[in-house]
Amino acid sequence: MSNKGPSEVQLALNDVMSLNGMKRYLIINEDGVPLKWYGPPSFTYTEVVRCAAHFLHFARKAQQYYEESLVPGQSLTTIRLRTKDNDIMIAPGEHVIFIAFQEVSQPDAKEDEAKKEE
């Protein structure tokens, strides 16, 4: 049987990465092993493994707290973190965790001044 094109996963990744400001993504399994990633050359394998370990621990703790304390009986579908430079979207699944990094667009200095004058 021949391959008839990109998989559904690759099509979904292409859609996500086509969004404005998307910089990199990381897909890790339930043990924290990086399965697939994309990013700038500075996103080395060492950086990928370190990032995977941090987000695996965070996603598990957030999922546990959400399902046991905040909304018992419902599962956590997404987590969104905002830093000064990035929006980080984390989507824990049954066997994998998807993490995407999107650049935060900085407002223009002129817009800030106009808001202050009002």
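What percentage of the 118 residues in the protein chain is buried? Here are some notes to read alongside the structure, which is a predicted model.

1. **Burial.** Buried residues account for 27% of the 118 residues in the protein chain. The chain exposes about 8,700 Å², and carbon and sulfur atoms supply 52% of that area.

2. **A strand pair to look at.** Strand S3 covers residues 79–82 and strand S4 covers residues 86–92. The two pair in the antiparallel sense, over four bridges. Between S3 and S4 you will find a hairpin, which joins them through three residues. For a landmark, find Arg82, which stands opposite Asp87 in S4. As background, side chains in a regular strand alternate between the two faces of the sheet.

3. **A nonpolar patch.** Now turn to the surface, where Val33, Leu35 and Val96 form a nonpolar patch. Together these residues have about 230 Å² of accessible area. One of them, Val33, sits in the loop between strand S1 (22–29) and strand S2 (34–38).

4. **Is Val33 buried or exposed, or in between?** Val33 has a relative accessible area of 40%. Buried means under 20% and exposed means over 50%, so Val33 counts as partly exposed.

Note on methods
Residues numbered from 1 in each chain as written. Predicted model: local features only at pLDDT ≥ 70, side-chain atom pairs only at ≥ 80, totals over all residues. Heavy atoms only, no water. Pairing = 2+ DSSP bridges. Patch = residues over 30% accessible without salt bridge, like charges linked within 9 Å, V, L, I, M, F, W, Y side chains within 5 Å. Areas by Shrake-Rupley, 256 points an atom, 1.4 Å probe, with all protein chains shown as cover. Salt bridge = Lys/Arg side-chain N within 4 Å of Asp/Glu carboxyl O. Buried < 20%, exposed > 50% of the residue type's maximum accessible area, 1.4 Å probe, protein only.
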